Amino acid sequence: MDEALTTLVGWVAARPLYTVTRSGVPFLSLRAGVTPRRFNRGSGLWEDGEPTYFAVSCWRSLAENANASELVPGTPIIAHGRLRVREYEQGGERRFTVELEAVALGPDLTRGKAVFQRIAKGGVLTIEDRAEAATLSDRAAGLSLTPGGGPATTAEGDDPELEQDEDEEEDLDEAA
């Protein structure tokens with residue numbers, strides 16, 4: 001199976017959302033920001049570029065450990081995982097969100113120090129867990145779902161359901 005694995009070096013942009021799905025699987029969603037720096041030869045100074053934001057989702061023990069690690073906005077992080085681009089419609093416009101399903105997440109030790117403590121691992125994800133997590137991740141990012149299956153702004157109190165795409169179902173079948 002082909003996958004786009006990538007590593008993101010950035011910082012926590014918003015308070016992470018931690019929950020446990022109805023079937024008991026821990027899930028954490030956070031927003032990560034990446035600000036590129038470029039050296040300006042004319043001025044001789046480093047300059048910040050425009051920040052880019054990514055949704056980072058963590059499952060099972062990674063979610064529990066990330067939650068216990070007190071990741072607060074501004075914490076420098078390194079996240080590694082599967083890159084996904086989801087398309088949705090908002091306000092009649094076609095939009096995209098970039099999401100990293102993390103297989104590893106930790107502090108960026110070039111900008112600080114950390115204390116490591118070993119923890120045990122967890123179980124298998126279901127399609128329902130992934131659907132619930134996608135909905136929670138969208139809500140944490142200020143989005144929710146349209147009837148067509150993509151994120152969009154909805155009235156408070158709406159509880160739309162996420163439709164799973166075939167790739168995620170294949171991922172789950174192979175994992176089982």
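In this predicted model, Glu3, Arg82, Arg84 and Glu101 are linked in a network of salt bridges. Arginine 82 counts as partly exposed, at 22% relative accessibility. Glutamate 3 is partly exposed too, with a relative accessible area of 36%.

Glutamate 101 counts as buried, at 8% relative accessibility.

The total for the model is nine salt bridges. One of them lies between arginine 37 and aspartate 48, whose closest N and O atoms are 2.9 Å apart. Arginine 37 is in strand β4 (residues 37-40) and aspartate 48 in strand β5 (residues 45-48), so the pair ties together parts that are eleven residues apart in sequence. Arginine 37 is partly exposed at 45% relative accessibility, while aspartate 48 is exposed, with a relative accessible area of 52%. Side chains of opposite charge can pair when their charged atoms come close.

The protein chain contains three helices and ten strands. Read from the N terminus, its elements follow the order β-β-β-β-β-β-α-β-β-α-β-β-α. Of contacts between residues at least 6 apart in sequence, 63% join residues at least 24 apart. The chain has 176 residues, and 37% of them count as buried. Its accessible surface is about 11,200 Å², with 49% belonging to carbon and sulfur atoms.

Strand β7 (76-90) takes part in two of the strand pairings. With β1, β7 runs antiparallel, and seven bridges join the two. In β7, isoleucine 77 stands opposite glycine 10. With β8, the pairing is again antiparallel and extends over 14 bridges. Alanine 79 stands opposite leucine 105 of β8. The hairpin formed by β7 and β8 has two residues between the strands, and glycine 91 in this hairpin takes a positive phi near 60°.

Threonine 97 is found in strand β8, which spans residues 93-107. Is threonine 97 buried or exposed? The cut-off for buried is under 20% relative accessible area, and threonine 97 has 10%, so this residue is buried. Beyond its neighbours within four places in sequence, threonine 97 is in contact with Arg31, Arg84, Val85, Arg86 and Tyr88. Arg84 in that list is also a member of the salt-bridge network.

The nonpolar interior comes next. In soluble globular proteins, nonpolar side chains tend to be buried together. The largest nonpolar core here has 17 residues, and those with the most contacts inside it are Leu30, Val56, Cys58, Leu71, Ile77 and Leu105. At least two residues of this core come from each of β1 (5-12), β3 (26-34), β6 (52-59), α1, β7 and β8. Leucine 30 touches Pro16, Phe54, Ala55, Val56, Leu71, Ile77 and Leu105, with residues up to four places away in sequence not counted. Another core lies apart from the largest one and has five residues, among them Val25, Phe27, Ala133 and Leu136.

Helix α1 has Ser61, Leu62, Ala63 and Ala66 as buried residues. The elements against which the buried residues of α1 pack are β2 (17-20), β3, β6 and β8.

Where does glutamate 70 lie? Glutamate 70 is in the loop between α1 (60-68) and β7. Just after α1, this residue takes a positive phi of about 55°. The cut-off for exposed is over 50%, and glutamate 70 has a relative accessible area of 65%, so the residue is exposed. Proline 16 is 54 residues from glutamate 70 along the chain, and their C-alpha atoms are separated by 9.0 Å. Proline 16 is also among the residues that leucine 30 touches.

Key
Residues numbered from 1 in each chain as written. Predicted model: local features only at pLDDT ≥ 70, side-chain atom pairs only at ≥ 80, totals over all residues. Heavy atoms only, no water. Helix = DSSP H or I, 4+ residues; strand = E, 2+ residues; numbered from the N terminus. Buried < 20%, exposed > 50% of the residue type's maximum accessible area, 1.4 Å probe, protein only. Contact = heavy atoms within 4.5 Å. Areas by Shrake-Rupley, 256 points an atom, 1.4 Å probe, with all protein chains shown as cover. Core = buried A, V, L, I, M, F, W, Y, C linked by side-chain atoms within 4.5 Å. Pairing = 2+ DSSP bridges. Salt bridge = Lys/Arg side-chain N within 4 Å of Asp/Glu carboxyl O.
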